[in-house]
Amino acid sequence: MSKTKISFRLGITQVFVIAILAVAGAISFNFQMRISDMVLDLSDRITAISAQRIIDNTQNFLGVPASYTAILAEYLENTKKQRAIVENHEELWRLMWKPLLLTPQMQSLFVADTQGNYVQVRRDPEFVSRTIDRRQPEQGVFDYRVFRDASFNLITEKTKPTDFDPRTRPWYKSTPAEPRLNWSDVYVSSSAKTPVIAVTHPVTDTTGKRIRAVAGVNIPLYAVSDFISELAVRKSQTIILIDDQGRLLAYPDKSQLLVLEEDGELRPRLLGELKNKAVKALFESLEARRNAEKFSFFVGGEVHTAYTADFPSYFDKPGWKAIMFAPGTASDHKRLDFEQTTTEIFSFFEQPAKQVRGLSLSFPASDAPLAITRDLDPLWQRMWQPLVTLPQLQSFFIADAEGNYVQTRREPYLATRLIDRSQPNEAPIDRKIYRDEEFSVITEKHKRTEFDPRVRPWYLSAKNISRIHWSSVYVSASAKTPVVAATHPVLTEEGDKAGVVAVNIPLYKVSDFVAESRVSPNGILFIANRAGEVVAYPDKSQILMIEGDKLRLRLVEELDNEAVRIAYQQHRKDPDEIRFTFSSQDANYISLIQPFPKILGEKDWSIVAVIPEDDLLGEVGEMLLEAGTIAALILTLAILLVYILATRISKPIIRLARSMDRFKDFRLGEIRGVHSRFSEIDTMNHSMLLARDGLASFQKYVPADLVRLLIQKGQSARLGGEFQRLTIMFTDIEGFTSISENLPAQELMLHLSEYLDQMTRIILEERGTVDKYIGDAIMAFWGAPTPQPNTAFLACSAALRCQGRLQRLNAAWAAQGKPVMTTRFGLHTGSVIVGNVGSQNRLNYTVVGDGVNLASRLEGINKFYGTQIIVSEDTFQEAREHFHFRLLDRVAVKGKKKGVNIYQLLGPAQRPLPETLQRFCEIYQNGLTAYWERDWAQAATIFLALERKFPKDSSVRLFLKRCEELQRNDIEVAEDWEGTYIFTNK
């Protein structure tokens with residue numbers, strides 16, 4: 001096919017494609033006109049959309065559970081009154097034990113009253129619960145200690161008289177009467193003898209102004225020091241805590257926290273007393289810049305940067321500081337590192353403080369009327385039915401003003417629960433009965449509890465008005481999930497709040513509900529309150545945010561979706577507008593907003609729907625899809641026709657081009673022919689295959705790397721060479737003449753060809769260049785024409801592999817009745833001339849020089865030592881880390897006078913030598929050393945001993961013979977003799 005025919009076909013194809021595209025354009029224009037007519041009616045269709053269905057569903061979702069609170073509140077209006085509160089030290093121990101285990105920074109948790117009675121649990125120096133009872137001082141004061149394991153099991157107990165009075169301790173004296181947390185100064189613990197600080201909280205009377213007792217915890221400073229050591233973001237950073245008097249609260253080396261005075265007393269160490277040079281420089285700078293949040297100072301001429309932060313005001317410890325410093329300027333460190341660190345430090349202190357406050361609040365100051373524990377099972381069953389029939393309920397519960405609490409709950413497990421404070425002189429017990437959906441009992445658990453429903457947000461939100469109230473969002477004490485509670489008060493005849501009935505609705509359930517209540521395929525429905533907080537959102541992971549160690553509701557403005565943020569901003573600007581449109585990220589949206597109906601109670605929530613306009617264009621979208629599909633099919637058909645024709649032309653040409661590119665790299669085996677109906681391409685393919693076959697035959701005579709190099713450089717072969725450092729190998733078959741005399745010529749050629757083929761394969765695999773075959777011998781080299789950095793390693797590896805392959809071949813030949821072969825190798829690394837030698841018409845790429853002769857001689861002298869692979873000193877030096885060698889001798893080969901060390905190649909370094917061979921090499925080396933030191937008698941003794949153990953070793957017999965000759969008086973040895981043996985034959 002000619003070029004004219006190809007061009008004509010392409011022209012017809014172009015006309016055909018243009019015609020098809022014109023038809024597609026006309027069809028698309030018709031659809032666009034129909035779409036325009038429908039868009040004119042878009043406004044009316046939007047107005048017809050209403051959120052009433054969603055409002056109705058939401059009213060049912062939230063309103064039905066809330067109504068149950070009113071029903072049950074009415075049932076409880078006339079319940080009778082009871083009272084309950086109890087204390088004793090065994091129960092108090094149990095109450096304090098779990099916080100001790102869960103807060104590792106606490107050393108002990110304790111309570112002391114104004115009479116000097118003392119109850120303590122502690123972990124250091126061992127787990128102990130302890131009581132000091134002063135209720136009967138006339139009988140003496142005793143310290144009662146119960147040693148336990150971590151599970152509160154008793155190990156042993158001890159009682160002894162004591163004069164310890166908690167009222168004299170620093171932590172008791174520093175506790176004010178106001179109901180707040182107090183932090184003591186640093187002091188030494190009387191039990192553990194370690195520096196500690198205490199955080200305490202008073203237990204007050206009903207007036208809140210008189211101390212009945214003090215609850216507290218000890219925080220050992222060594223635990224604080226361990227904690228700050230792990231906080232450093234970088235290894236170079238140092239963190240220190242000090243109090244207002246400069247005493248160490250924490251230091252990475254906790255052994256520095258205390259100072260032993262001359263009188264044997266321990267006291268906290270001051271920051272200025274530390275010996276560290278950097279800390280001393282920090283202290284001096286800190287004294288001058290007491291209020292600086294950041295400053296630089298020098299240590300031995302190197303700049304350091306320090307950050308400081310005062311403890312927050314709620315610690316009520318002015319002067320307490322956290323300090324972090326490190327080498328470098330301020331630009332080398334992030335302030336954020338320090339802010340994150342101090343946040344964790346303050347949290348470290350707050351956790352024990354919370355335990356203290358909770359402990360102090362476990363001693364109620366007063367009681368209130370109402371009991372809900374009578375006829376408990378019928379009450380539970382009355383509460384059970386709504387729980388199992390309304391999936392949005394998490395729990396249904398009642399609390400009275402006395403603190404009694406009755407609950408049915410779904411999460412985390414189906415259960416009924418009672419906290420009964422109605423029995424005097426007993427601590428409240430949390431009784432949980434785990435059930436199935438049929439109310440059948442599965443198991444039951446009891447434990448002491450400090451849970452008080454009267455302090456929960458849902459209880460406080462219920463006002464003295466007989467209607468449904470809604471709490472703010474809070475975290476459920478049982479399920480640990482954010483919830484909102486619908487509550488209804490139980491009122492006395494006087495109108496006072498006697499109790500509260502409530503249901504919990506978890507926010508994730510509300511979010512699941514709004515996620516299912518789609519107003520359109522891609523619309524988003526969410527609920528927000530007046531403060532702009534997200535109450536429910538389709539992606540329920542977006543509802544909460546963590547700030548420090550606290551959870552809070554995410555603001556709508558903090559959501560990821562830009563359209564949602566814009567919709568709510570528009571609503572805030574005009575709260576009376578319930579529908580509006582806007583654009584976001586090149587898309588148009590419609591927003592519908594509906595406040596919660598009054599029937600649900602006073603709730604400042606709104607339901608917001610954000611709907612993409614595209615969702616409303618259902619029919620338009622279908623038409624666009626239809627038009628687009630037809631146009632796409634027509635266009636695809638046109639492209640397919642063009643592609644088929646172009647591929648039939650271009651694909652064979654591309655394959656030919658790739659094959660021609662492989663000629664450059666002389667990768668003849670990768671060149672493949674192509675098939676085409678175009679005669680020009682077929683002719684090119686035939687010529688290329690002829691060239692490939694010719695070069696493949698040529699490759700067998702010339703090193704492929706050489707040809708590849710000439711092609712890549714675009715040079716022609718010419719006479720000349722250059723010095724290069726190469727590794728040369730010579731091989732020869734021992735006794736080949738006798739083998740050839742005993743075999744017919746044809747069998748001999750086949751046998752030799754199989755041998756040469758296997759040896760050559762290995763040399764090529766190890767990236768060597770086969771120079772020539774000299775009868776049964778092979779000459780090869782490494783490092784040319786392609787430079788190689790590890791020629792000695794490659795050559796030694798090739799020699800060992802050839803030796804191993806020959807062993808397997810000999811085993812097979814022996815089984816076939818063929819003669820076996822033993823090959824000797826000689827290797828040398830050195831500078832030789834490599835290049836083209838010969839005439840203008842016939843060239844040979846080879847190496848010449850003394851190094852070539854030395855490699856050839858080394859191969860030959862194997863027969864004198866009974867070895868198979870001998871390498872020169874140069875080869876040994878370059879490959880010694882990768883292989884095992886034996887120093888064989890120091891020789892001057894024929895034609896040379898200067899001696900060189902020669903070595904026997906034994907094997908790869910990663911494979912240990914047999915112990916016998918290792919011992920042989922060591923003794924042989926000793927004999928060789930004695931020989932070179934002219935102690936021929938000692939050398940003879942060593943080699944004679946070796947001969948007895950290794951009688952077949954030719955090298956040992958050779959040296960034994962030399963030692964005997966040198967010990968004769970008629971042999972003169974030159975003064976400059978270095979042990980070199982001069983070979984006079986090959």
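Tutor: The discussion below takes up a sheet and then one serine. This is a predicted model, in which local features need pLDDT of at least 70 and side-chain atom pairs count only at pLDDT 80 or more, whereas totals for chains, interfaces and linings use all residues. Residues are numbered from 1 along each chain as its sequence is written, and side-chain values use heavy atoms, with hydrogens and water left out.

Student: In what order do the five strands form the open sheet?

Tutor: Strands are DSSP runs of E of at least two residues, and helices runs of H or I of at least four, numbered from the N terminus; two strands pair if DSSP finds at least two bridges between them. Here the order is 27-26-32-31-30, with antiparallel pairing. Strand 27 (534–536) and strand 30 (579–584) each have a single partner strand, so one side of each lacks a neighbour in the sheet. Strand 26 (residues 524–529) is joined to strand 27 by two bridges, and Ile-527 stands opposite Ala-536.

Student: Is Ser-461 buried or exposed?

Tutor: Buried means under 20% relative accessible area, exposed over 50%, and partly exposed in between, with a 1.4 Å probe and protein chains only. Ser-461, in helix 10 (residues 457–461), is buried at 14%.

Student: Which residues does Ser-461 touch?

Tutor: Contact means heavy atoms within 4.5 Å. Leaving aside residues up to four places away in sequence, Ser-461 touches His-469, Trp-470, Ser-471 and Thr-487.
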